[in-house]
Amino acid sequence: MSLLTHLLACLFGMGSWVSINGLWVELPLIVPQIPEGWLLPSYLSVIIQMANIGPLFVTLMHRFRPGVLNETAVIYLIIGLGTVASFLLAFFWKETLVVDGVPHSVALLVLTFFLSAVDCTSSVTFLPFTMRLKPQYLTTYYIGEGVSGLLPALVALIQGVGVVHCINNTQSLNHSLNTSSSDLSFELRAEYQPANFSVEVFFFFLSAMMLVCLVAFLLLNYHPSVAREYPNSRYTNGVKEKSDTKKQWAEQKPMMDPYGPANPKRKSSFGTGSYSWMQVVYIFVILAWVCALSNTVLPSVQSYSCLPYGNKAFHLSATMAAVSNPLACFIAMFFPIRSLVLMGALTVIGSGVGAYIMSMAVMSPCPLLVNESSGGVIMVLAWILFILSLSYVKVIIGIILRDEGHSALVWCGAVVQLGSLLGAVTMFPLVSVYSFFSSGDPCNTKCP
(Lines give C-alpha, C1' and ligand atoms only; values in the text may rest on other atoms or scores of the structure.)
Protein backbone atom coordinates (compact mmCIF):
# COMPACT_ATOMS: atom_id res chain seq x y z
CA MET A 1 0.00 0.00 0.00
CA SER A 2 1.15 3.55 -0.78
CA LEU A 3 2.01 5.68 2.23
CA LEU A 4 1.27 8.76 0.12
CA THR A 5 -2.23 7.48 -0.64
CA HIS A 6 -2.84 6.82 3.05
CA LEU A 7 -1.76 10.37 3.89
CA LEU A 8 -3.91 11.91 1.15
CA ALA A 9 -6.95 9.82 2.14
CA CYS A 10 -6.50 10.98 5.74
CA LEU A 11 -6.18 14.66 4.74
CA PHE A 12 -9.19 14.29 2.44
CA GLY A 13 -11.28 12.84 5.28
CA MET A 14 -10.08 15.60 7.60
CA GLY A 15 -11.90 18.19 5.50
CA SER A 16 -15.26 16.49 6.00
CA TRP A 17 -16.30 18.13 9.29
CA VAL A 18 -13.35 20.33 10.30
CA SER A 19 -15.23 23.63 9.72
CA ILE A 20 -18.29 22.93 11.88
CA ASN A 21 -16.23 21.14 14.55
CA GLY A 22 -13.95 24.17 14.66
CA LEU A 23 -16.89 26.56 14.95
CA TRP A 24 -18.29 24.67 17.93
CA VAL A 25 -15.04 24.67 19.92
CA GLU A 26 -14.63 28.40 19.29
CA LEU A 27 -18.04 29.32 20.74
CA PRO A 28 -16.74 30.46 24.19
CA LEU A 29 -14.79 33.23 22.41
CA ILE A 30 -17.48 34.09 19.83
CA VAL A 31 -20.55 34.20 22.09
CA PRO A 32 -19.57 37.18 24.35
CA GLN A 33 -18.98 39.38 21.28
CA ILE A 34 -22.22 38.88 19.32
CA PRO A 35 -25.82 39.97 20.06
CA GLU A 36 -27.23 36.40 20.07
CA GLY A 37 -25.15 35.45 23.11
CA TRP A 38 -25.59 31.88 24.33
CA LEU A 39 -28.62 31.46 22.08
CA LEU A 40 -26.14 31.00 19.23
CA PRO A 41 -25.69 27.22 19.82
CA SER A 42 -29.47 26.76 19.40
CA TYR A 43 -29.40 28.74 16.16
CA LEU A 44 -26.43 26.68 14.96
CA SER A 45 -28.27 23.41 15.66
CA VAL A 46 -31.22 24.55 13.54
CA ILE A 47 -28.97 25.87 10.73
CA ILE A 48 -26.97 22.63 10.56
CA GLN A 49 -30.16 20.59 10.21
CA MET A 50 -31.51 22.97 7.54
CA ALA A 51 -28.27 22.33 5.63
CA ASN A 52 -29.29 18.67 5.25
CA ILE A 53 -30.98 19.83 2.05
CA GLY A 54 -27.56 19.20 0.46
CA PRO A 55 -27.28 15.46 1.22
CA LEU A 56 -31.02 15.07 0.56
CA PHE A 57 -30.57 16.45 -2.96
CA VAL A 58 -27.55 14.20 -3.66
CA THR A 59 -29.33 11.09 -2.33
CA LEU A 60 -32.50 11.77 -4.37
CA MET A 61 -30.42 12.36 -7.51
CA HIS A 62 -28.58 9.09 -6.90
CA ARG A 63 -31.87 7.25 -6.40
CA PHE A 64 -33.93 8.66 -9.28
CA ARG A 65 -31.29 9.92 -11.76
CA PRO A 66 -28.28 7.64 -11.22
CA GLY A 67 -25.15 8.66 -13.10
CA VAL A 68 -26.39 12.20 -13.88
CA LEU A 69 -24.67 13.93 -10.92
CA ASN A 70 -20.91 14.26 -11.36
CA GLU A 71 -19.61 13.19 -7.95
CA THR A 72 -16.10 14.60 -8.47
CA ALA A 73 -17.45 18.01 -9.56
CA VAL A 74 -19.73 18.14 -6.48
CA ILE A 75 -16.75 17.42 -4.19
CA TYR A 76 -14.67 20.17 -5.82
CA LEU A 77 -17.61 22.55 -5.40
CA ILE A 78 -18.25 21.86 -1.72
CA ILE A 79 -14.56 21.91 -0.72
CA GLY A 80 -14.09 25.20 -2.57
CA LEU A 81 -17.21 26.63 -0.94
CA GLY A 82 -16.01 25.53 2.51
CA THR A 83 -12.61 27.15 1.96
CA VAL A 84 -14.12 30.47 0.87
CA ALA A 85 -16.78 30.50 3.64
CA SER A 86 -14.17 29.83 6.36
CA PHE A 87 -11.97 32.59 4.95
CA LEU A 88 -14.85 35.10 4.85
CA LEU A 89 -15.82 34.25 8.44
CA ALA A 90 -12.50 35.68 9.61
CA PHE A 91 -13.57 39.10 8.29
CA PHE A 92 -17.33 39.17 8.88
CA TRP A 93 -18.14 37.02 11.95
CA LYS A 94 -18.69 40.10 14.18
CA GLU A 95 -20.65 42.13 11.61
CA THR A 96 -24.32 42.74 12.50
CA LEU A 97 -27.46 43.85 10.69
CA VAL A 98 -30.60 45.25 12.29
CA VAL A 99 -33.58 42.99 11.60
CA ASP A 100 -36.96 44.09 13.04
CA GLY A 101 -35.17 46.60 15.23
CA VAL A 102 -32.89 43.94 16.75
CA PRO A 103 -29.22 43.47 15.76
CA HIS A 104 -28.33 40.00 14.44
CA SER A 105 -25.10 38.39 13.26
CA VAL A 106 -26.51 37.76 9.79
CA ALA A 107 -23.11 37.22 8.12
CA LEU A 108 -22.09 34.65 10.74
CA LEU A 109 -25.37 32.74 10.41
CA VAL A 110 -25.38 32.78 6.57
CA LEU A 111 -21.75 31.65 6.30
CA THR A 112 -22.41 28.97 8.92
CA PHE A 113 -25.25 27.66 6.74
CA PHE A 114 -22.84 27.30 3.80
CA LEU A 115 -20.27 25.54 6.01
CA SER A 116 -23.00 23.21 7.30
CA ALA A 117 -24.15 22.43 3.75
CA VAL A 118 -20.55 21.59 2.86
CA ASP A 119 -19.99 19.29 5.84
CA CYS A 120 -23.40 17.58 5.66
CA THR A 121 -23.06 16.95 1.90
CA SER A 122 -19.59 15.48 2.46
CA SER A 123 -21.27 12.50 4.18
CA VAL A 124 -22.88 11.39 0.89
CA THR A 125 -20.02 12.35 -1.46
CA PHE A 126 -16.65 11.86 0.28
CA LEU A 127 -17.44 8.35 1.50
CA PRO A 128 -18.67 7.01 -1.89
CA PHE A 129 -15.58 8.54 -3.54
CA THR A 130 -13.39 6.14 -1.51
CA MET A 131 -14.84 3.34 -3.69
CA ARG A 132 -12.25 4.42 -6.26
CA LEU A 133 -9.47 3.34 -3.90
CA LYS A 134 -8.63 -0.06 -2.46
CA PRO A 135 -10.69 -1.10 0.60
CA GLN A 136 -7.75 -0.55 2.98
CA TYR A 137 -7.92 3.21 2.46
CA LEU A 138 -11.49 3.48 3.75
CA THR A 139 -10.26 3.10 7.34
CA THR A 140 -7.62 5.78 6.70
CA TYR A 141 -10.40 8.08 5.48
CA TYR A 142 -12.28 7.47 8.75
CA ILE A 143 -9.11 8.33 10.70
CA GLY A 144 -9.03 11.65 8.85
CA GLU A 145 -12.70 12.22 9.66
CA GLY A 146 -11.86 11.69 13.33
CA VAL A 147 -8.93 14.11 13.08
CA SER A 148 -11.40 16.73 11.79
CA GLY A 149 -12.72 16.89 15.35
CA LEU A 150 -9.40 16.36 17.14
CA LEU A 151 -7.32 19.02 15.37
CA PRO A 152 -9.62 22.04 16.02
CA ALA A 153 -9.97 20.90 19.66
CA LEU A 154 -6.19 20.82 20.12
CA VAL A 155 -5.75 24.22 18.45
CA ALA A 156 -8.52 25.62 20.68
CA LEU A 157 -6.69 24.27 23.75
CA ILE A 158 -3.49 26.02 22.60
CA GLN A 159 -5.57 29.15 22.00
CA GLY A 160 -6.88 28.96 25.56
CA VAL A 161 -10.59 28.72 24.79
CA GLY A 162 -12.88 28.49 27.81
CA VAL A 163 -10.20 28.89 30.50
CA VAL A 164 -12.03 30.23 33.57
CA HIS A 165 -10.62 31.79 36.73
CA CYS A 166 -12.74 32.52 39.79
CA ILE A 167 -12.29 36.13 40.92
CA ASN A 168 -13.22 37.37 44.40
CA ASN A 169 -16.15 39.76 43.96
CA THR A 170 -16.81 41.32 47.37
CA GLN A 171 -19.96 43.43 47.63
CA SER A 172 -21.29 45.74 50.34
CA LEU A 173 -24.77 44.92 51.62
CA ASN A 174 -25.73 48.47 52.74
CA HIS A 175 -23.81 50.28 49.95
CA SER A 176 -22.18 52.71 52.44
CA LEU A 177 -18.57 53.53 52.91
CA ASN A 178 -18.54 52.66 56.62
CA THR A 179 -19.19 48.93 56.55
CA SER A 180 -18.03 46.21 58.85
CA SER A 181 -16.89 42.79 57.71
CA SER A 182 -20.29 41.35 58.67
CA ASP A 183 -21.94 43.63 56.12
CA LEU A 184 -19.89 42.28 53.25
CA SER A 185 -20.98 39.39 51.04
CA PHE A 186 -18.18 37.28 49.64
CA GLU A 187 -18.77 35.61 46.32
CA LEU A 188 -16.67 34.41 43.42
CA ARG A 189 -17.16 35.60 39.85
CA ALA A 190 -16.28 33.49 36.82
CA GLU A 191 -13.99 35.35 34.43
CA TYR A 192 -12.90 33.95 31.07
CA GLN A 193 -9.23 34.54 30.34
CA PRO A 194 -8.18 36.26 27.09
CA ALA A 195 -7.17 33.92 24.28
CA ASN A 196 -3.56 33.46 23.14
CA PHE A 197 -4.61 34.35 19.58
CA SER A 198 -7.74 35.82 18.03
CA VAL A 199 -10.89 34.25 16.57
CA GLU A 200 -9.84 35.62 13.17
CA VAL A 201 -6.60 33.62 13.24
CA PHE A 202 -8.58 30.48 14.15
CA PHE A 203 -10.88 30.94 11.13
CA PHE A 204 -7.85 31.42 8.89
CA PHE A 205 -6.58 28.09 10.26
CA LEU A 206 -9.90 26.40 9.36
CA SER A 207 -9.70 27.88 5.86
CA ALA A 208 -6.16 26.51 5.51
CA MET A 209 -7.36 23.04 6.56
CA MET A 210 -10.04 23.12 3.87
CA LEU A 211 -7.40 24.19 1.35
CA VAL A 212 -5.24 21.21 2.41
CA CYS A 213 -8.28 18.96 1.84
CA LEU A 214 -8.70 20.43 -1.66
CA VAL A 215 -5.04 19.77 -2.54
CA ALA A 216 -5.33 16.22 -1.19
CA PHE A 217 -8.41 15.61 -3.35
CA LEU A 218 -6.61 16.94 -6.43
CA LEU A 219 -3.69 14.57 -5.83
CA LEU A 220 -6.05 11.64 -5.20
CA ASN A 221 -7.45 12.24 -8.67
CA TYR A 222 -4.31 13.00 -10.64
CA HIS A 223 -1.14 11.81 -8.89
CA PRO A 224 0.38 8.77 -10.72
CA SER A 225 1.32 7.00 -7.45
CA VAL A 226 -2.30 7.18 -6.31
CA ALA A 227 -3.56 6.05 -9.73
CA ARG A 228 -1.66 2.77 -9.26
CA GLU A 229 -3.76 2.15 -6.15
CA TYR A 230 -7.02 2.18 -8.09
CA PRO A 231 -8.49 -1.35 -8.17
CA ASN A 232 -8.88 -3.06 -11.57
CA SER A 233 -7.05 -0.28 -13.45
CA ARG A 234 -4.78 -0.62 -16.51
CA TYR A 235 -1.51 1.21 -17.06
CA THR A 236 0.91 1.75 -19.92
CA ASN A 237 4.47 2.40 -18.73
CA GLY A 238 3.18 3.34 -15.31
CA VAL A 239 0.64 5.87 -16.64
CA LYS A 240 -3.07 5.22 -16.49
CA GLU A 241 -4.67 4.82 -19.90
CA LYS A 242 -6.70 7.78 -21.14
CA SER A 243 -9.80 5.68 -21.60
CA ASP A 244 -9.58 4.69 -17.93
CA THR A 245 -9.04 8.26 -16.77
CA LYS A 246 -12.17 9.55 -18.46
CA LYS A 247 -14.46 6.66 -17.81
CA GLN A 248 -17.45 7.05 -15.55
CA TRP A 249 -17.07 5.23 -12.28
CA ALA A 250 -19.91 2.79 -12.25
CA GLU A 251 -21.02 0.61 -9.37
CA GLN A 252 -18.02 -1.37 -8.16
CA LYS A 253 -18.38 -4.84 -6.71
CA PRO A 254 -15.82 -6.88 -4.78
CA MET A 255 -13.81 -9.32 -6.85
CA MET A 256 -15.04 -12.92 -6.90
CA ASP A 257 -13.61 -15.25 -4.32
CA PRO A 258 -11.78 -17.97 -6.31
CA TYR A 259 -12.37 -20.47 -3.51
CA GLY A 260 -16.05 -19.71 -3.11
CA PRO A 261 -18.97 -21.11 -5.10
CA ALA A 262 -19.26 -19.92 -8.69
CA ASN A 263 -22.83 -18.64 -8.27
CA PRO A 264 -23.49 -18.00 -4.59
CA LYS A 265 -27.13 -17.62 -3.65
CA ARG A 266 -28.10 -13.99 -3.06
CA LYS A 267 -29.81 -13.31 0.26
CA SER A 268 -31.34 -10.04 -0.96
CA SER A 269 -31.21 -7.54 -3.81
CA PHE A 270 -29.11 -5.14 -1.70
CA GLY A 271 -25.55 -4.72 -3.00
CA THR A 272 -23.86 -8.05 -3.58
CA GLY A 273 -26.65 -9.94 -1.79
CA SER A 274 -24.33 -11.01 1.06
CA TYR A 275 -26.84 -9.89 3.69
CA SER A 276 -30.56 -10.53 4.07
CA TRP A 277 -32.94 -7.59 4.23
CA MET A 278 -33.33 -8.18 7.98
CA GLN A 279 -29.57 -7.86 8.41
CA VAL A 280 -29.46 -4.76 6.19
CA VAL A 281 -32.17 -3.08 8.29
CA TYR A 282 -30.30 -4.13 11.46
CA ILE A 283 -27.06 -2.52 10.16
CA PHE A 284 -28.74 0.74 9.16
CA VAL A 285 -30.77 1.01 12.40
CA ILE A 286 -27.58 0.57 14.44
CA LEU A 287 -25.82 3.15 12.25
CA ALA A 288 -28.62 5.71 12.72
CA TRP A 289 -28.72 5.04 16.50
CA VAL A 290 -24.94 5.29 16.90
CA CYS A 291 -24.74 8.53 14.88
CA ALA A 292 -27.65 10.07 16.80
CA LEU A 293 -25.93 9.36 20.13
CA SER A 294 -22.36 10.27 19.16
CA ASN A 295 -23.03 13.22 16.83
CA THR A 296 -25.86 15.13 18.51
CA VAL A 297 -27.53 13.63 21.62
CA LEU A 298 -24.55 13.29 23.97
CA PRO A 299 -22.44 16.18 22.59
CA SER A 300 -25.38 18.53 23.26
CA VAL A 301 -25.14 17.74 27.01
CA GLN A 302 -21.36 17.30 27.30
CA SER A 303 -20.90 20.54 29.23
CA TYR A 304 -23.71 19.59 31.66
CA SER A 305 -22.17 16.17 32.28
CA CYS A 306 -18.56 17.38 32.75
CA LEU A 307 -18.46 20.96 34.07
CA PRO A 308 -19.79 20.05 37.58
CA TYR A 309 -16.56 18.05 38.03
CA GLY A 310 -14.45 21.08 37.11
CA ASN A 311 -13.12 22.89 34.09
CA LYS A 312 -10.15 20.52 33.84
CA ALA A 313 -12.44 17.47 33.65
CA PHE A 314 -14.50 19.18 30.94
CA HIS A 315 -11.52 20.03 28.72
CA LEU A 316 -9.90 16.64 29.33
CA SER A 317 -13.08 14.75 28.42
CA ALA A 318 -13.61 16.85 25.27
CA THR A 319 -10.01 16.37 24.13
CA MET A 320 -9.78 12.65 24.94
CA ALA A 321 -13.13 12.02 23.26
CA ALA A 322 -11.74 13.72 20.16
CA VAL A 323 -8.64 11.51 20.37
CA SER A 324 -10.76 8.36 20.82
CA ASN A 325 -12.42 8.74 17.41
CA PRO A 326 -9.28 8.40 15.25
CA LEU A 327 -7.92 5.85 17.73
CA ALA A 328 -10.95 3.62 17.11
CA CYS A 329 -10.39 3.97 13.36
CA PHE A 330 -6.73 3.06 13.81
CA ILE A 331 -7.71 -0.07 15.76
CA ALA A 332 -10.19 -1.01 13.03
CA MET A 333 -7.40 -0.76 10.46
CA PHE A 334 -5.66 -3.76 12.08
CA PHE A 335 -8.69 -5.55 13.55
CA PRO A 336 -11.61 -5.11 11.10
CA ILE A 337 -13.95 -7.62 12.76
CA ARG A 338 -17.11 -7.73 10.61
CA SER A 339 -19.29 -9.51 13.14
CA LEU A 340 -22.89 -8.33 13.42
CA VAL A 341 -23.00 -9.80 16.94
CA LEU A 342 -19.92 -7.82 18.04
CA MET A 343 -21.42 -4.73 16.41
CA GLY A 344 -24.56 -5.13 18.50
CA ALA A 345 -22.59 -5.84 21.69
CA LEU A 346 -20.43 -2.73 21.27
CA THR A 347 -23.54 -0.66 20.55
CA VAL A 348 -25.13 -1.90 23.79
CA ILE A 349 -21.94 -1.12 25.76
CA GLY A 350 -21.64 2.35 24.22
CA SER A 351 -25.34 3.05 24.82
CA GLY A 352 -25.00 1.96 28.46
CA VAL A 353 -22.07 4.29 29.02
CA GLY A 354 -24.03 7.01 27.21
CA ALA A 355 -26.95 6.44 29.59
CA TYR A 356 -24.59 7.05 32.55
CA ILE A 357 -23.32 10.29 30.95
CA MET A 358 -26.90 11.42 30.25
CA SER A 359 -28.01 10.66 33.81
CA MET A 360 -25.12 12.75 35.21
CA ALA A 361 -26.12 15.58 32.87
CA VAL A 362 -29.71 15.41 34.13
CA MET A 363 -28.43 15.59 37.74
CA SER A 364 -26.26 18.65 36.95
CA PRO A 365 -25.06 20.77 38.72
CA CYS A 366 -24.84 18.17 41.48
CA PRO A 367 -24.24 14.73 39.91
CA LEU A 368 -22.86 11.68 41.70
CA LEU A 369 -19.37 12.01 43.19
CA VAL A 370 -19.33 15.72 42.36
CA ASN A 371 -17.07 16.49 45.34
CA GLU A 372 -14.75 13.54 44.72
CA SER A 373 -11.80 13.46 42.33
CA SER A 374 -12.92 9.96 41.30
CA GLY A 375 -16.11 11.50 39.84
CA GLY A 376 -14.15 13.50 37.28
CA VAL A 377 -11.93 10.50 36.44
CA ILE A 378 -14.97 8.27 35.87
CA MET A 379 -16.61 10.90 33.64
CA VAL A 380 -13.49 11.30 31.47
CA LEU A 381 -13.16 7.50 31.14
CA ALA A 382 -16.88 7.26 30.32
CA TRP A 383 -16.50 9.70 27.42
CA ILE A 384 -13.44 7.83 26.13
CA LEU A 385 -15.22 4.45 26.22
CA PHE A 386 -18.41 5.91 24.73
CA ILE A 387 -16.68 7.45 21.69
CA LEU A 388 -14.22 4.55 21.29
CA SER A 389 -16.91 1.84 21.12
CA LEU A 390 -19.38 3.69 18.89
CA SER A 391 -16.68 5.02 16.54
CA TYR A 392 -15.45 1.44 16.01
CA VAL A 393 -19.01 0.40 15.17
CA LYS A 394 -19.31 3.20 12.58
CA VAL A 395 -16.05 2.21 10.90
CA ILE A 396 -16.99 -1.49 10.74
CA ILE A 397 -20.38 -0.60 9.21
CA GLY A 398 -18.55 1.54 6.64
CA ILE A 399 -16.23 -1.37 5.79
CA ILE A 400 -19.19 -3.76 5.44
CA LEU A 401 -21.14 -1.38 3.21
CA ARG A 402 -18.08 -0.59 1.13
CA ASP A 403 -18.06 -4.23 -0.02
CA GLU A 404 -21.71 -3.83 -1.05
CA GLY A 405 -20.91 -1.16 -3.63
CA HIS A 406 -21.03 2.56 -4.30
CA SER A 407 -24.79 2.81 -3.77
CA ALA A 408 -24.50 1.28 -0.30
CA LEU A 409 -21.99 3.97 0.73
CA VAL A 410 -24.31 6.73 -0.51
CA TRP A 411 -27.10 5.30 1.66
CA CYS A 412 -24.58 4.96 4.50
CA GLY A 413 -23.92 8.72 4.36
CA ALA A 414 -27.65 9.46 4.13
CA VAL A 415 -28.43 7.35 7.22
CA VAL A 416 -25.57 9.04 9.13
CA GLN A 417 -27.22 12.42 8.47
CA LEU A 418 -30.70 11.07 9.25
CA GLY A 419 -29.56 9.72 12.61
CA SER A 420 -27.86 13.01 13.45
CA LEU A 421 -30.99 14.92 12.41
CA LEU A 422 -33.28 12.81 14.63
CA GLY A 423 -30.89 13.26 17.56
CA ALA A 424 -30.81 17.03 17.09
CA VAL A 425 -34.59 17.31 16.74
CA THR A 426 -34.98 15.34 19.98
CA MET A 427 -32.41 17.28 22.03
CA PHE A 428 -33.03 20.83 20.79
CA PRO A 429 -36.34 21.37 22.66
CA LEU A 430 -35.03 19.62 25.79
CA VAL A 431 -31.89 21.76 25.99
CA SER A 432 -32.89 25.09 24.42
CA VAL A 433 -36.67 25.40 24.80
CA TYR A 434 -37.64 23.61 28.02
CA SER A 435 -34.25 24.10 29.77
CA PHE A 436 -34.33 20.52 31.02
CA PHE A 437 -30.65 20.71 31.99
CA SER A 438 -29.04 23.09 34.49
CA SER A 439 -25.40 24.15 34.27
CA GLY A 440 -24.87 25.92 37.58
CA ASP A 441 -22.23 28.53 38.35
CA PRO A 442 -18.66 27.26 37.90
CA CYS A 443 -17.47 29.29 40.90
CA ASN A 444 -20.40 29.48 43.36
CA THR A 445 -22.41 26.24 43.05
CA LYS A 446 -22.45 24.35 46.34
CA CYS A 447 -23.51 20.70 46.45
CA PRO A 448 -24.22 18.61 49.57
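This is a predicted model: local features need pLDDT of at least 70, side-chain atom pairs count only at pLDDT 80 or more; totals for chains, interfaces and linings use all residues.
Local features are reported where pLDDT is at least 70 and side-chain atom pairs where pLDDT is 80 or more, whereas totals for chains, interfaces and linings use all residues. Residues are numbered from 1 along each chain as its sequence is written, and side-chain values use heavy atoms, with hydrogens and water left out.

Helices (DSSP runs of H or I of at least four residues) and strands (runs of E of at least two) are numbered from the N terminus. The axes of helix 1 (residues 3–14) and helix 9 (residues 136–159) come within 6 Å and cross at roughly 45°, axes being lines fitted to C-alpha atoms, for helices over the stretch in contact, with angles from 0 to 180 degrees between N-to-C directions. Helix 1 and helix 9 are therefore oblique to each other; angles under 35 degrees count as roughly parallel, over 145 as roughly antiparallel, 65 to 115 as roughly perpendicular and the rest as oblique. The contact (heavy atoms within 4.5 Å) involves residues of helix 1 including Thr5, His6 and Phe12, and residues of helix 9 including Tyr137, Glu145 and Leu151. By class, its residues divide into nine nonpolar, seven polar and one charged, where Ala, Val, Leu, Ile, Met, Phe, Trp, Tyr, Cys and Pro count as nonpolar, Asp, Glu, Lys and Arg as charged, and the others, Gly among them, as polar.

Helix 13 (residues 277–297) and helix 18 (residues 406–433) pack at an angle of about 50°, with their axes 7 Å apart, which makes helix 13 oblique to helix 18. Among the residues that meet are Phe284, Leu287 and Cys291 in helix 13 and Trp411, Val415 and Met427 in helix 18; the residues of this contact comprise 13 nonpolar, five polar and no charged.

For helix 6 (residues 71–92) and helix 10 (residues 199–222), the packing angle is about 165° and the axes lie 7 Å apart, so that helix 6 is roughly antiparallel to helix 10. The contact of helix 6 with helix 10 has 17 nonpolar, six polar and one charged residues.

Helix 16 (residues 340–363) has 24 residues and reaches 35 Å from its first C-alpha to its last, close to the 34 Å expected at 1.5 Å a residue, the expected span being 1.5 Å times one less than the number of residues. At the start of helix 16, a side-chain oxygen of Ser339 comes to within 3.3 Å of the backbone nitrogen of Val341. A cis peptide bond, with omega about 10°, joins Ser364 and Pro365, and Pro365 lies in the loop between helix 16 and helix 17 (373–402).

Most residues other than glycine have a negative phi, and most peptide bonds are trans. Asp100, although not a glycine, has a positive phi of about 55°; Asp100 is placed in the loop between strand 1 (97–99) and strand 2 (102–104).

Technical notes
A polar contact is a pair of N or O atoms within 3.5 Å; within protein, one must be able to donate a hydrogen and the other to accept it, and residues adjacent in sequence count only if both atoms are side-chain atoms.
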